[in-house]
Every structure is written in structure tokens, then in C-alpha cells.
Amino acid sequence: MADWTDLSYVVVDVEGNGQQPPDLVELAAVPIVGGVIGEPSSWLVRPDKSITPMANRIHGISNGTVAKAPVFKDIVVEVLHALSHPALVAHNAHVDVKVLQSKMTGWECPEVFDTLKLARRFVPDQMSFRLGSLVEAFQLAEGLQHDLRPHRATYDALVTARLFVRLATAAGSLEELRSLPPGGRGDEAPSLF
């Protein structure tokens, strides 16, 4: 049986503009290699459409904040490099993956591990499986820089990385981490701010 640390991962989080379909305004990627969480990479991105007031209230990124940020095509090479791991991790991953696929036509998404689904499997007694609730339950924000905050890509990617390590350690083997029960509960409502 392969240990979960035999595979390298990249944890991603995207923050959006609140429009439909959602567009990217911030992206963070955190590598996990040999079971060790690495340094995050993050980018602010100027979206094609403006950030809605509701999205601004949630993540605090304003149109002024991204006015001089690059458009996505100007950072795509850096992003592809950061994502070049055999596995991708995210919380409620289909939302992040969908946005990345819309921004990088032809991008081959690697194997995906969804911490939402994994948490439901390995810590089923939780009252809520929202990222913020799991962060609080397992004290995943302890020791993070004080300027990092929830609903910003770097914070969310780092706490998701910590959550994944906790869940993967509980699974032990890569095979156990990969085995999802048939059926199961559906994902939380897709949302991206």
C-alpha cells in the first residue's frame, strides 16, 4: 500500500467576482510534497467583469484593489507551473476546478481530492463541513500570519492544506484516501466569491 505522502499535491483556492459565470479575482496555490506543506503562491487578477458589492463584502477585494493587477493570461504560465503536481486539493473542489478550467482552456486537471468529501468521510461527527467550521473545530488557523483572513485565497488555501494533511493522515494510505463511498451526500451549493 502506498503512503499518502508518496504523492505530491497542490492545494488551490480561488476567489471570484460574484458574477455568473464567476471570474477569478484571486488565486492561491500551496504545494504539499512529502507530507510537508510548502510556501503559498498567490495572485490578484483583474477580472473581465467588475466585482459585485456582495463579493466585495465577503472577501474584501474591491475593483480598486485589482485595477492594476494583471489579467489572467499574463500570469497563466506561473499558474500552470504552480499547479504542476499529480494531484489537486480544494474544499468543495468542483467550484475551483470549474473556474480554473474556464480560465485555462485545454488544461488537464490532475487527480482531485476534495476536503469537503474527505471530511464527511473521516470526521463525520462534525456539525458543519463548511471550511470555516472545520478550521474552528480543528484550530487550523493557529500560527498563521495575522494579516491573513478567511475568504482570501492564501488563507483559505493554507487552512485547506492543513485540513487535508489531517484527513490524509487519518486515512493513512493513498488507497484509503482515494476510496470514496458509493452515493454519499451531495456537495454544498456551489459558490464563488
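Fifteen residues line the second largest pocket, and P40, Q145, L148, T154 and L158 are the ones that lie nearest its centre. The structure is a predicted model. The pocket has a volume of about 250 Å³, and helix α6 (residues 153-171) gives the most to its lining.

**Second largest pocket**

- The lining is made up of 15 residues, which divide into five nonpolar, four polar and six charged.
- Helix α6 contributes three residues to this lining.

**Helix α6**

- The end C-alpha atoms of α6 are 26 Å apart, which agrees with the 27 Å that its 19 residues should span at 1.5 Å a residue.
- Of the 19 residues of α6, 15 are buried, so the helix is largely enclosed by the rest of the structure.
- G172 follows α6 and has a positive phi, near 85°.

**Helix α4**

- Helix α4 covers residues 115-122, and seven of its eight residues are buried, so the rest of the structure largely encloses it.
- Those buried residues are T115, L116, L118, A119, R120, R121 and F122.
- The N-terminal end of α4 is capped by D114, with a side-chain oxygen 2.8 Å from the backbone nitrogen of L116.

**D114**

- D114 is found in strand β6.
- The relative accessible area of D114 is 8%, so this residue counts as buried, the cut-off being under 20%.
- D114 and T52 are separated by 62 residues in sequence and by 27 Å in space, C-alpha to C-alpha.

**R121**

- R121 has its place in helix α4 and is among the buried residues of that helix.
- A polar atom of the R121 side chain lies 2.4 Å from the backbone oxygen of E176.
- The backbone oxygen of S179 also has a polar atom of the R121 side chain 2.6 Å away.

**H59**

- H59 has its place in helix α1 (residues 53-59).
- With a relative accessible area of 0%, H59 is buried.
- A polar atom of the H59 side chain lies 2.9 Å from the backbone oxygen of G16.
- The H59 side chain also reaches the backbone nitrogen of I61, at 3.0 Å.

**L80**

- L80 is found in helix α2 (residues 76-82).
- L80 counts as partly exposed because its relative accessibility is 37%, between the cut-offs of 20% and 50%.
- Apart from its neighbours within four places in sequence, L80 is in contact with M104 and W107.
- L80 and G16 are 64 residues apart in sequence, and their C-alpha atoms are 19 Å apart in space.

**Backbone geometry**

- Most residues other than glycine have a negative phi, and most peptide bonds are trans.
- The peptide bond that joins Q20 and P21 is cis, with omega about -5°.
- P21 is found in the loop between β1 (9-16) and β2 (24-33).
- N92 is not a glycine, yet its phi is positive, near 60°.
- N92 is found in the loop between β5 and α3 (93-103), and is buried, with a relative accessible area of 9%.
- Q139, also a residue other than glycine, has a positive phi of about 50°.
- Q139 is found in the loop between α5 and α6, and is exposed, with a relative accessible area of 54%.

Definitions and conventions
Residues are numbered from 1 along each chain as its sequence is written. This is a predicted model: local features need pLDDT of at least 70, side-chain atom pairs count only at pLDDT 80 or more; totals for chains, interfaces and linings use all residues. Side-chain values use heavy atoms; hydrogens and water are left out. On a 1 Å grid over the protein atoms alone, a cavity is a set of points where a 1.4 Å probe fits but cannot get out, and a pocket is an open set with protein on both sides within 12 Å along at least five of seven lines; lining residues have an atom within 4 Å of a point. Grid points are joined across faces, edges and corners, and a volume is the space filled by probe spheres set on the points. Helices (H or I, at least four residues) and strands (E, at least two) are DSSP runs, numbered from the N terminus. Ala, Val, Leu, Ile, Met, Phe, Trp, Tyr, Cys and Pro count as nonpolar, Asp, Glu, Lys and Arg as charged, and the others, Gly among them, as polar. The expected span of a helix is 1.5 Å times one less than its number of residues. Buried means under 20% relative accessible area, exposed over 50%, partly exposed in between (1.4 Å probe, protein chains only). A polar contact is a pair of N or O atoms within 3.5 Å; within protein, one must be able to donate a hydrogen and the other to accept it, and residues adjacent in sequence count only if both atoms are side-chain atoms. Contact means heavy atoms within 4.5 Å.
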